[in-house]
Amino acid sequence: MSSPPVVSPPQQQAQQQTRQQPDPQPLRAAAAGAADRLHIVPWLDPVADPHGVHPCSRYVELYWLGIIGPSTTWLLRRFSYGLEMHPNGLDVDLVETARSLGLGERMGKNSPFRRALQRLCTFELARAHGHEALAVRTHIPPLPLRHLNRLPGPLQASHRRWLAEQRLPEPEQMRRRVRRLAAGLAASGSDRIQIERQLARWHFHPAVAFRAAQEAMGQDPDQPGSSSWPAGVSPQ
C-alpha cells in the first residue's frame, strides 16, 4: 500500500484558500456589464442552517453589520426578502437593485454595488451557483471568532451574553427576550398599556405581556392585585 502524499504547510494553505474561494463567474459578469440580471437561489446548508438566524434579525444588525458593512447587510436583506417571496429562486435586475439601495448605477469592478456583492462571497454569506447564479444564505450563522474580535469591546461582551443565553431553556430565553423588549418600549416613552398591547401584537401570551409590562414600569407583578405567570403557561 502506498503512503499518502505529504503536503507541505504552504501547499496545504494554498489548497484551503482555493477551496474557500468562491467561483467569481457571476460577479465577473456583473462587473463587466455582460449581464444586467443575476439569478438568486437559496443556499441550503444542513449543517449551519439549524444554528442560524434570519438575515433581518437583530443579531445580524448588531454583530454582522460591523464586519460586512451597511451596504452588504442591506443587500443580504434585499435578497432575503426576494427569496421569501420566491423560494425557488428569482432574477434580480442589478442596476435597479443598486439604485434602490442608494449605491448608484455603476457596475464596474470597484463600484459600491460590486464591492457589496463581492463581500457576500468573501464572508461566505453567498457563493456562486453554477455559472449564472448566486446562492445566498437564508440562515446566517453566528459570527466567527476571528471576526468577533474586530468588534468594539461592548459588542463583544454583548455577544458573550447572547451565547450564554442560547444555552438556557427556551422558556427562560423567551422571558428574557420579552423583558428586554418591554424595557425598550418603556425607555421610548410607552406606558404600561401600550407596552402590553405591543407585546401582544408580537404574539406573546397575554399573561407574559402583562407581567413584562408591569416589570418594565417598575411595578411588582407579584403584589396583590397584579397578575403573575399562570400555572402551566410557558412564555412561548
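Which residue in β4 is the bridge partner of P42? In β4, P42 has V136 as its bridge partner.

Before you go on, note that this is a predicted model, where local features need pLDDT of at least 70, side-chain atom pairs count only at pLDDT 80 or more, and totals for chains, interfaces and linings use all residues. Residues are numbered from 1 along each chain as its sequence is written, and side-chain values use heavy atoms, with hydrogens and water left out.

**Exercise 1.** Find the neighbours of strand β4 and decide how each one runs.

*Solution.* 
Step 1: Locate β4 at residues 133–137; strands (E, at least two residues) and helices (H or I, at least four) are DSSP runs, numbered from the N terminus.
Step 2: Look at β1 (residues 37–43), which runs parallel to β4 and is joined to it by five bridges. Two strands pair if DSSP finds at least two bridges between them.
Step 3: Turn to β3 (residues 126–129), which pairs with β4 in the antiparallel sense over four bridges. Here A126 has V136 as its bridge partner.
Step 4: Visit the hairpin of β3 and β4, with three residues between the strands, where G130 takes a positive phi near 75°.

**Exercise 2.** Work out which residues of β4 are buried on each side.

*Solution.* 
Step 1: Recall that in a regular strand the side chains alternate between the two faces of the sheet.
Step 2: Sort the residues: A133, A135 and R137 are on one side, with L134 and V136 on the other.
Step 3: Check burial (under 20% relative accessible area with a 1.4 Å probe, protein chains only; exposed is over 50%, partly exposed in between). Five of the five residues of β4 are buried, and both faces are covered.

**Exercise 3.** Classify the ring pair of Y59 and W162.

*Solution.* 
Step 1: Begin with the search of the whole structure, which finds two aromatic pairs. Rings of Phe, Tyr and Trp (its six-membered ring) pair if their centres lie within 6.5 Å; planes under 30 degrees apart count as stacked, over 60 as edge-to-face and the rest as tilted.
Step 2: The Y59 and W162 ring centres are 4.5 Å apart and the planes stand at 45°, so this pair is tilted.
Step 3: Y59 belongs to helix α3 (residues 58–68) and W162 to helix α8 (residues 153–166), so the pair ties together parts 103 residues apart in sequence.
Step 4: Compare accessibility: Y59 is buried at 5% relative accessible area, while W162 is partly exposed at 21%.
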